[in-house]
Amino acid sequence: MYAISALSSFSARPTNPTRLATCSRKAHPIRAMRAVVQRVASASVEVEGRIVSEIGPGLLVLVGLHESDSDADADYICRKVLNMRLFPNENTGRGWDQNVMQRNYEVLLVSQFTLYGFLKGNKPDFHVAMQPQTAKPFYASLVERFQKSYNPDAIKDGIFGAMMKVSLINDGPVTMQLDSQSPKNSNDAVEES
């Protein structure tokens, strides 16, 4: 809804590509943990020809850590992912009614710094992603947070920093992007007050 109204207001103005590019960068700074959540019939992670993690029905969650992420971002992503109503209720027939915990499904978490990539010309740049030495323990704490919030046996993950082959059978397909809402985001802080 916001994208349509913003697009309408831009179309009425003369277009200056340099001005639009500058405005969009300033208007939407990246300052949040990012999760791409996919409802899956199954998913697995393979490293060096060996399956290291797999789930049946549930959620595959690709997680991008921003250099400024905090525990508040991790809490938000964990809470929202586990409570997203992405599954139908088979008893009532209502769609979009149950979360992964209500269905006793599994969650596969995969660290993916490329979610914070953008192109400089044709070359990807990942400088806003959290540095690996900080990201590894932070990601481990995120996995632990999911395990404590749900069933530890239902939370799986890939291998941080490894070259992974992620396979999935998307159910729907249903794919949602979720950005954390911590106080460091000035727009969110204004909306909350």
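1. Asn104 is placed in the loop between α3 and β4, where helices (H or I, at least four residues) and strands (E, at least two) are DSSP runs numbered from the N terminus. Although Asn104 is not a glycine, its phi is positive, at about 55°. With a relative accessibility of 64%, Asn104 counts as exposed, given that exposed means over 50% relative accessible area, buried under 20%, and partly exposed in between (1.4 Å probe, protein chains only).

2. The model is a predicted one, in which local features need pLDDT of at least 70 and side-chain atom pairs count only at pLDDT 80 or more, while totals for chains, interfaces and linings use all residues. Residues are numbered from 1 along each chain as its sequence is written, and side-chain values use heavy atoms, with hydrogens and water left out.

3. Trp96 is also found in the loop between α3 and β4, and it has a positive phi of about 55° without being a glycine. Trp96 counts as exposed because its relative accessibility is 52%. As background to these two points, most residues other than glycine have a negative phi, and most peptide bonds are trans.

4. On the peptide bonds, the one that joins Gly172 and Pro173 is cis, with omega at about 5°. Pro173 is found in strand β8.

5. Helix α3 covers residues 71-83, and at 1.5 Å a residue its 13 residues should span 18 Å, which agrees with the 18 Å between its end C-alpha atoms; the expected span is 1.5 Å times one less than the number of residues. The buried residues of α3 are Asp73, Ala74, Tyr76, Ile77, Cys78, Val81 and Leu82. In general, an α-helix has 3.6 residues a turn, so residues three or four places apart point the same way.

6. The buried residues of α3 pack against β1 (34-47), β3 (58-64), β4 (106-111), α4 (132-149) and β8 (164-179), with contact taken as heavy atoms within 4.5 Å.

7. Asp125 lies in strand β6, residues 123-125, and counts as buried because its relative accessibility is 13%. Its side chain makes a polar contact of 3.2 Å with that of Lys120 and another of 2.8 Å with that of His127. A polar contact is a pair of N or O atoms within 3.5 Å; within protein, one must be able to donate a hydrogen and the other to accept it, and residues adjacent in sequence count only if both atoms are side-chain atoms. Leaving aside residues up to four places away in sequence, Asp125 touches Tyr116, Gly117, Phe118 and Lys120.
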